[in-house]
Amino acid sequence: MNTNLAVPREFTDEEKEALYKAIYLRRDVREHFLHTPIPEPVLRRVLDAAHHAGSVGFMQPWTFIIIRSSEIKAQVKGLFDQANQEAAQVFEGERHDLYSRLKLEGILESPVNICVTCDPTRNGPHVLGRHTVPQTDVYSTCCAIQNLWLAARVEGIGVGWVSILDYTALRRLLDVPEHVIPVAYLCMGYVDEFLPQPQLEKVGWLPRASLDDAIFYERWGKENAD
Ligand SMILES: Cc1cc2nc3c(=O)[nH]c(=O)nc-3n(C[C@H](O)[C@H](O)[C@H](O)COP(=O)(O)O)c2cc1C
């Protein structure tokens, strides 16, 4: 990390625009991966952005397992195929057909896969701030993943999150210790295009919800501020 960064109170308009642009143009990417390898310094920058996420009690519970081996990827793809077949069964009729046509991972096509884990024991049994909500260690790991996703986007690198896996089997496959939680399996690589909208929105799976419907005032259910 560049530790010589100045600490401005506010960002310039151009800087603000760049941040919002990264947020709005971030996409979950499962296809259009190029074979171009991700140079080590670029991958390092992206991981360092993840590593600077907020975390409960500053515990920084994450570990990034970088996977390039085609053999391991093939085994993970096997786990996906199995889980995806089972997942498809919960949908019926047209919904099932649409689900079956969706591309929901890019494990083999992307040059780098990353398994992001969370170690609930990191820095001892008592974590400042985790007392009442033990899951805050996993939440912290998700904050790191979002940083990674955004940093990758500004580098032109697509990231796809694959949750359709038996994570217990994944843990075994990657020799992750019993007490460590695999939180995410990410497929990463340069892409030739980023879709302007989520793929699931494009194919009519779900629309983007209205922001107003996601806001209440003072109490659950109160839809206006006055
Ligand atoms: C926790 C989490 C798990 C996800 N798992 C999958 C997955 O298994 N397969 C997939 O294709 N997309 C997965 N996604 C991506 C979502 O489908 C995607 O974020 C959503 O449709 C919105 O699209 P966008 O990320 O391009 O804005 C996951 C996203 C999150 C945050």
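This is a predicted model: local features need pLDDT of at least 70, side-chain atom pairs count only at pLDDT 80 or more; totals for chains, interfaces and linings use all residues.
By contact I mean that the C-beta atoms of two residues, placed from the backbone, lie within 7 Å.

Residues are numbered from 1 along each chain as its sequence is written.

To return to F194: the residue sits in the loop between β4 (181-190) and α7 (199-202). The element names follow DSSP runs, helices being H or I of at least four residues and strands E of at least two, numbered from the N terminus. F194 is partly exposed, because 13 other C-beta atoms lie within 10 Å of its own. The cut-offs are these: a residue is buried with 20 or more other C-beta atoms within 10 Å, exposed with 12 or fewer, and partly exposed in between, the C-beta atoms being placed from the backbone. F194 also comes within 9.3 Å of E31, C-alpha to C-alpha, although 163 residues separate the two in sequence.

I now turn to the protein as a whole. The protein has seven helices and four strands, and from the N terminus on the order is α-α-β-α-α-β-α-β-α-β-α. The C-alpha trace spans about 50 × 45 × 40 Å along its principal axes. Of the 226 residues, 25% are buried. Among contacts between residues at least 6 apart in sequence, 86% join residues at least 24 apart.

Next, the sheet. The four strands form an open sheet in the order β1-β2-β4-β3, with antiparallel pairing. At the edges are β1 (62-67) and β3 (157-162), each of which pairs on one side only. From one strand to the next the twist averages 25°; the axes are lines fitted to C-alpha atoms, for helices over the stretch in contact, and angles run from 0 to 180 degrees between N-to-C directions. Two strands count as paired if DSSP finds at least two bridges between them.

How many bridges join β3 to β4? There are six, and the two strands run antiparallel. Within this pairing, I157 has Y190 in β4 as its bridge partner. On β2 (residues 112-118), seven bridges link the strand to β4, again in the antiparallel sense, and N113 stands opposite C187 in β4. Strand β4 is mostly covered, with eight of its ten residues buried.

A152 is found in helix α5 and is buried, because 28 other C-beta atoms lie within 10 Å. Leaving aside neighbours within four places in sequence, A152 is in contact with V46, I157, V159 and M188. A152 and L47 are 105 residues apart in sequence, yet 8.9 Å apart in space, C-alpha to C-alpha.

N123 has a positive phi of about 65° although it is not a glycine; N123 is located in the loop between β2 and α5 (136-154) and counts as partly exposed, with 14 C-beta neighbours inside 10 Å. E218 likewise is not a glycine and has a positive phi of about 65°. E218 lies in the segment after α7 and is exposed, with 8 other C-beta atoms within 10 Å.

Finally, the ligand. Which residues surround the ligand? They are R27, D28, R30, L104, E105, W161, V162, S163, I164, P198 and L200, each having its C-beta atom, placed from the backbone, within 6 Å of the molecule. This shell divides into six nonpolar, one polar and four charged residues, where Ala, Val, Leu, Ile, Met, Phe, Trp, Tyr, Cys and Pro count as nonpolar, Asp, Glu, Lys and Arg as charged, and the others, Gly among them, as polar.
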